[in-house]
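I opened my notebook today to look up a few places in one structure. Here is what I wrote down as I went along.

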Amino acid sequence: MDKQGCQQPHPRPGPDPQELTRREFVQNTSMAASASALLASMTATAEEATPDDINLAIIGPGSQGRNLILNSVKTPGIRYKALCDIWPYHQNYAKNYLKAYKHSVNVYSDYREMLAQEKDLDAVIVATPDWLHAEHTIACLKAGLHVYCEKEMSNTIEGAKSMVVAARESGKLLQIGHQRRSNIRYHHAIKLITKDKVLGQMNHFSGQWNRAKRLEFGWPKDEPLDEETLKKFGYDTMDRFRNWRWYRKFSGGPIADLGSHQVDVFSWFLEANPKAVLASGGTDYYKKSEWYDNILAIYEYEKEYGMVRGAYQVLNTTSHGGFYETFMGDQGSMVISEDTRKGFFFKEVGAKSREWEEQSETFDKMDKKAFELKIGETLTPDGKKDPKGQQLLAESQKKPHQLHLENFFSAVRNGTPLSCPAEVGFETAVSVLRVNEAVEEQQKYFFKPEEFKV
Ligand SMILES: NC(=O)c1ccc[n+]([C@@H]2O[C@H](COP(=O)([O-])OP(=O)(O)OC[C@H]3O[C@@H](n4cnc5c(N)ncnc54)[C@H](O)[C@@H]3O)[C@@H](O)[C@H]2O)c1
């Protein structure tokens, strides 16, 4: 628990905005001033703005919203103009947070008012709880704005589908926050697997997100939302408002919250959508929870060479092994994670050797069968250092959310492709939300190819 009485969110690299306490950011202006001086030296400031700036607003600058603010102000030419949040405590927190980066914003409680008042916005970041993504995203798209919307795209398949339709009809960009899609290390791994075929024929995969306890947020006891406001926005209690992840009305549960990141990677690396899923889950430990605290799923993907099967689990009572994805073939296996300590290639005994293995500095010295994935060093399979290696190395040092936001901003500015457009986010939403149905029905769920299409 931090000083706000809030637990930290699930592990993500880099400093968490919630480490900055309420006193530091809400009450103590001198702290904000000194933070401002420090941060201004680290990043381009809004004072250096040009007419080419991307004018941004954010809806829902809570825990993840502030992480996105932190990772977006590092991009030159980003200018925050407005924020919207129903909780005055988060309004102030985020406003002061942005002030520290020299972004002066108008503050709103109602997104409709914000969209009506703010006339020169280009794009909006949506970081509200999952059940509101469709409503907020569609309103922004209809207002003619590009949207970066956090994952899970929606807590319902219908919601996610309506977002794809709205993006198409508006002609605006919709990026979904599966940030691994912009991660240089993941791009390196997928190239090694799909182009260089280092795993040979890939037959299996597995993955997990294990954490010691379920994520729970508290709130400063002198700053609750009043009952009327809570009810007006559909929450009933402060606990439901803060711990929306564990309630069915607001979230798709852990398989959507955490699993969506990794199931998205399975489909991306396999270049396919699942054919079927078998799953088991329950509220075995947190008995009063609405959503399962543990889920084990077995996915099946059909490739031209046969069936690829994989096991995935989300557990909230043990952190054993942390979070990662593993791909297994007849020539070797690859472990990859957003946790930068986990990126390895294990070669099968008897697998054919490649010239680059002998020249690589990234060999594990133990037995020449285990390799650490290092960007810029093992990039080419033929032993040649890629001339872009150093540039990629520098990119790979950036935080995952920063890379994904940069991908979005580049698409807005230059028309470059989004790495997770609405259609991709939708396929992932279908792939994870059906798991809950499989658990409920105690049956294997068979996906129809048409349910991945809008
Ligand atoms: N990509 C990632 O790695 C990652 C990590 C964590 C969370 N997320 C996603 O980010 C989103 C937010 O998660 P969080 O952990 O920051 O939750 P949070 O509860 O800390 O933040 C949500 C914010 O939305 C505000 N809000 C609620 N209802 C609103 C409404 N009707 N209008 C305006 N504001 C409203 C809340 O006051 C709060 O400030 C979720 O979709 C979550 O899945 C993504």
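**Entry 1, a loop with a cis bond.** I began with glutamate 152, which sits in the loop between β5 (146-149) and α7 (157-170). I looked up the peptide bond from lysine 151 to glutamate 152 and found that it is cis, with omega near -25°. I noted beside it that most peptide bonds are trans. I also reminded myself that this is a predicted model.

Next I went to lysine 102, in the loop between α4 and β3 (106-108). Its phi is near 65°, a positive value in a residue other than glycine. Is lysine 102 buried, exposed or partly exposed? I found 19 other C-beta atoms within 10 Å, so lysine 102 is partly exposed; a residue needs 20 or more to count as buried.

I then turned to glutamine 442, in the loop between α16 (422-441) and β15 (445-446). Here too phi is positive, near 55°, in a residue other than glycine. Glutamine 442 has 9 other C-beta atoms within 10 Å, so I wrote it down as exposed.

How do α3 and α4 pack? I looked up helix α3 (residues 63-72) and helix α4 (residues 88-100): their angle is about 10°, and their axes are 11 Å apart. Angles under 35 degrees count as roughly parallel, and α3 and α4 are therefore roughly parallel to each other. Where they meet, α3 brings Gly65, Arg66 and Ile69, while α4 brings Ala94, Tyr97 and Leu98. I sorted the residues of this contact into four nonpolar, one polar and one charged.

I found 27 residues surrounding the ligand, the closest being Gly60, Gly62, Ser63, Gln64 and Glu150. Helix α3 gives the most to this shell, with three residues. By class, the shell has 11 nonpolar, nine polar and seven charged residues.

Alanine 127 is 63 residues away along the chain, yet the C-alpha atoms of glutamine 64 and alanine 127 are separated by 6.7 Å.

Last, I checked the confidence: the mean pLDDT of the chain is 86, and 83% of its residues reach 70 or more. Over residues 1-45, though, pLDDT stays under 50. I left myself a friendly reminder that where pLDDT is low, the predicted coordinates should not be read in detail.

Key
Residues numbered from 1 in each chain as written. Predicted model: local features only at pLDDT ≥ 70, side-chain atom pairs only at ≥ 80, totals over all residues. Axes fitted to C-alpha atoms, helices over the stretch in contact; angles between N-to-C directions. Helix = DSSP H or I, 4+ residues; strand = E, 2+ residues; numbered from the N terminus. Parallel < 35°, antiparallel > 145°, perpendicular 65-115°, else oblique. Contact = placed C-beta atoms within 7 Å. Nonpolar A, V, L, I, M, F, W, Y, C, P; charged D, E, K, R; others polar. Near = placed C-beta within 6 Å. pLDDT = per-residue confidence, 0-100. Buried ≥ 20, exposed ≤ 12 C-beta atoms within 10 Å, placed from the backbone.
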